[in-house]
Amino acid sequence: MIQFSRKSPRTRLSGVRRAVLWAAAGALLATAGCSGGGDDLEAAGRQPHGHTSQGAARGVPQGLPGMPPLLDPNDVYAADRPNALSPVVRNFPSRVYVPNTESDTVSVIDPKTYKVIETIPVGNQPQHVVPSWDLKTLWVNNDRGHTLTPIDPATGKAGKPVDVHDPYNLYFTPDGKYAVVMASMDRELVFRDAHTMKRKKTVPVSCLGVNHADFSPDGRYFIVSCEFSGELLKVDTAKMQVIGQRKLPFDGAMPQDVKIASDGRTWYIADMMADGLWVLDGDRFNEPWLMPTGKGAHGLYVSRDSKSMYISNRGEGSISVLDLATRKLVHKWELPDGGSPDMGGVSADGKVLWLSGRYNSEVYAIDTTDGHQIARIPVGAGPHGLAVYPQPGRYSLGHTGIFR
């Protein structure tokens with residue numbers, strides 16, 4: 001069984017060196033910038049102006065200006081149905097892109113054969129492969145290389161890297177204007193132009209280890225996890241400013257992935273030290289409660305019918321399945337021979353859950369009907385935030401694929 005400390009295992013540094021670096025980073029002032037963009041609303045499937053956002057349907061303020069309204073005010077993921085591919089991505093070859101943090105490469109898997117068909121050299125410490133808001137580019141986040149490597153998903157070819165400091169993770173505002181860089185070591189949220197990646201605004205933060213996020217149904221705020229100080233941030237999207245900060249009520253909390261439920265009201269935050277999910281009311285941003293799932297809870301992925309959430313328990317080699325309507329855990333799927341399931345995504349047809357094996361240099365393909373392992377595929381060292389692409393949806397909010 002994998003053992004891990006409170007220090008992040010995401011780099012090749014020893015735990016002691018990592019602790020020293022983070023102590024030093026904690027003393028630094030944040031100084032980074034941000035901006036972003038995305039204007040291809042028609043390609044992303046914007047609805048006519050007569051449609052209302054989920055927020056409007058509930059009698060609350062209209063959604064973020066410029067944001068394509070939800071297809072269904074009662075289902076955040078209504079655009080993510082099986083094989084409901086946007087015209088933008090419909091002809092892209094189906095691939096799984098795996099960033100190997102310690103090999104400085106991206107392994108490309110053909111999901112039909114479950115084999116690696118290409119290995120792409122990228123920058124230092126690639127952490128996540130992130131679909132752009134307009135769905136046209138995959139950005140490889142070379143965190144310690146301080147670059148983003150663009151991959152054309154139509155051809156699978158890598159382009160010229162773009163200089164971006166400390167891009168541990170990457171998100172996009174729902175209006176398509178800005179990319180939001182999770183500059184973890186810099187202790188900043190950096191808003192950048194979504195196409196050019198030119199810095200527009202830097203938001204220093206007082207927490208440690210900003211890493212994952214998700215957006216409210218109306219797009220007006222997003223919630224960020226801070227893994228090294230056990231905190232959550234609430235950020236006003238339009239104002240680009242932190243409007244709330246909360247310490248999680250668990251000694252040694254280490255929050256990871258953040259995902260809103262399909263009903264648009266409940267938020268879930270995986271915690272690898274609390275071994276479960278924090279359940280949060282995002283609007284009120286009050287104290288959350290903990291739902292145990294398994295050791296090392298890490299990645300969160302919603303099924304194509306919006307009914308279930310898959311939770312990777314990295315510390316015990318299992319996947320828990322949460323029924324979103326009842327908030328009850330209904331299954332736990334154990335990987336044969338163990339493993340370290342981390343980040344990933346669901347296939348376009350919804351039949352396969354793909355997860356990286358962070359400490360085992362492998363990727364797992366898991367059948368979503370009964371949880372059996374279909375394949376275990378060798379890749380490079382330290383596989384992390386893999387992207388299954390293309391996936392259904394009109395536009396991307398970032399990470400390994402949050403689609404609306």
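1. In the hairpin of β2 and β3, where four residues lie between the strands, Tyr114 takes a positive phi near 60°; strands here are DSSP runs (E, at least two residues), numbered from the N terminus. This is a predicted model, in which local features need pLDDT of at least 70, side-chain atom pairs count only at pLDDT 80 or more, and totals for chains, interfaces and linings use all residues. Residues are numbered from 1 along each chain as its sequence is written, and side-chain values use heavy atoms, with hydrogens and water left out.

2. Strand β2 (residues 105-110) is largely enclosed by the rest of the structure, because six of its six residues are buried, a word that means under 20% relative accessible area, with exposed over 50% and partly exposed in between (1.4 Å probe, protein chains only). Thr105, Ser107 and Ile109 are buried on one side, and Val106, Val108 and Asp110 on the other.

3. Strands pair if DSSP finds at least two bridges between them. β2 runs antiparallel to β3 (residues 115-121), joined by six bridges, and pairs with β1 (residues 95-100) in the antiparallel sense over five bridges. Ser107 has Thr119 as its bridge partner in β3, while Val98 has Ser107 as its partner in β2.

4. The structure holds nine salt bridges, each a side-chain nitrogen of Lys or Arg within 4 Å of a carboxyl oxygen of Asp or Glu. One of them joins Asp166 to Arg144, with the closest N and O atoms 2.6 Å apart. Asp166 is buried at 0% relative accessibility, whereas Arg144 is partly exposed at 26%. Asp143, Arg144 and Asp166 are linked in a network of salt bridges.
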